[in-house]
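This briefing goes through a predicted model, topic by topic. Please read the points below alongside the sequence and the structure.

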Amino acid sequence: MDADVPLDYYLIYAADRGRGTLPLGILVEEFVLCDDYTAAGIDCAEWTAECGEWRESPGSSRAIRADPALRERVLPVTRRDARETYSMLGGGALPEEAELRAFFQYRQALPAAAPLDLGGSRSAQTRRYRILFAGELGERGLANVSTVLRLEPPRENPRARIAGTATATADGHTFTWELRRIGPGIAWCLDVTVRLSAGPLAAIGALLHHHRQAIRGQGLIPVTIERFA
């Protein structure tokens, strides 16, 4: 993973996450990406005020994606929020990200496979990605995501699970993305189709990262990044 890309931070609470409740600790993660920007694994470490030290945490990382009850105790935050919380809980100065990466001793591997062939006649100059998220977006969160990602509501079928679509061009590549609901209260995904030009492929990674962070910032937890074509 590019060390210039910030880590993902989460505050971990007890069962009651009411106003004024202090977190129990902080979970730090980083998606490990392949050359085509699909996810190969997740590196992670956790700090709690009770133990006072950073430890590998693959169990916590898996659990917040699989257990809806535990997800209610997890809040995605920025590094600044994590830094303030870490100090407030008695940890002192939050380590720099290079230091935090040194605590990543165990990698949670994600299934790796060649891009799925969905049939049809897709050009070799077209790629399709899916970023999968665990959790549910409330009305406010959906409105915020729609604003940041410039989503337009679907016109064809108002009952479809597509919440919105958008198109943009970056470094000559044309990107189209759709935000989809996968079952009520279960999961969401962002499908991104890229029509490639001769521009740098780094634009793909930059857009996928930006969109993943925009949705994570509304409380959803990214699960994986897959490629379908």
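Strand β2, made up of residues 25-33, is mostly covered, with 8 of its 9 residues buried.

- Strand β1 (residues 8-12) runs antiparallel to β2, and 5 bridges join the two. Within this pairing, D8 has E29 of β2 as its bridge partner.
- One of the residues involved is V32, whose bridge partner in β3 is G41.
- The hairpin formed by β2 and β3 has 5 residues between the strands, and in this hairpin Y37 adopts a positive phi near 75 degrees.

**D43 in strand β3**

- D43 is located in strand β3. Is this residue buried or exposed? Its relative accessible area is 7%, and because the limit for a buried residue is under 20%, D43 is classed as buried.
- The side chain of D43 forms a polar contact with the side chain of R107, at 2.8 Å.
- When neighbours within four places in sequence are left aside, the contacts of D43 are V28, E29, E30, V32, F104, Y106 and R107.

**Aromatic rings and a charge over a ring**

- How many aromatic pairs does a search of the whole structure find? The search finds 3.
- In the pair of W54 and F103, the ring centres are 6.1 Å apart and the planes lie at 20 degrees, so this pair is stacked. The cut-off behind that label is an angle under 30 degrees between the planes.
- This pair links distant parts of the chain: W54 belongs to strand β4 (residues 54-56), whereas F103 is in the loop between α4 (97-101) and β6 (107-109), and 49 residues separate them.
- W54 counts as buried because its relative accessibility is 11%. F103, at 30% relative accessibility, counts as partly exposed.
- Ring pairs join W47, W54, Y86 and F103 into a cluster.
- Elsewhere, the ring of Y10 has the charged end of R216 sitting over it, 4.9 Å from the ring centre.

**H173 in strand β9**

- H173 is found in strand β9, which spans residues 173-182. With a relative accessibility of 0%, H173 counts as buried.
- The H173 side chain reaches the backbone oxygen of P200 at 2.9 Å.
- Not counting residues up to four places away in sequence, H173 touches A168, V194, R195, L196, S197, G199, P200, L201 and A203.

**Helix α5**

- Which residues of helix α5 (residues 139-148) are buried? They are G141, V145 and S146. These residues cover an arc of only 135 degrees around the axis, and therefore they lie on the same side of α5.
- In general, an α-helix has 3.6 residues a turn, so residues three or four places apart point the same way.
- The exposed residues E139, R140 and T147 are carried on the face of α5 turned away from its buried side.
- The cover over the buried residues of α5 includes β9 and α6 (202-216).
- Just after α5, R150 has a positive phi of about 55 degrees.

Conventions:
Residues numbered from 1 in each chain as written. Predicted model: local features only at pLDDT ≥ 70, side-chain atom pairs only at ≥ 80, totals over all residues. Heavy atoms only, no water. Buried < 20%, exposed > 50% of the residue type's maximum accessible area, 1.4 Å probe, protein only. Helix = DSSP H or I, 4+ residues; strand = E, 2+ residues; numbered from the N terminus. Pairing = 2+ DSSP bridges. Polar contact = N/O pair within 3.5 Å; in protein donor to acceptor, adjacent residues only side chain to side chain. Contact = heavy atoms within 4.5 Å. Phe/Tyr/Trp six-rings, centres within 6.5 Å; stacked < 30°, edge-to-face > 60°. Lys NZ or Arg CZ within 6 Å of the ring centre and 35° of its normal. Arc of directions from axis to C-beta.
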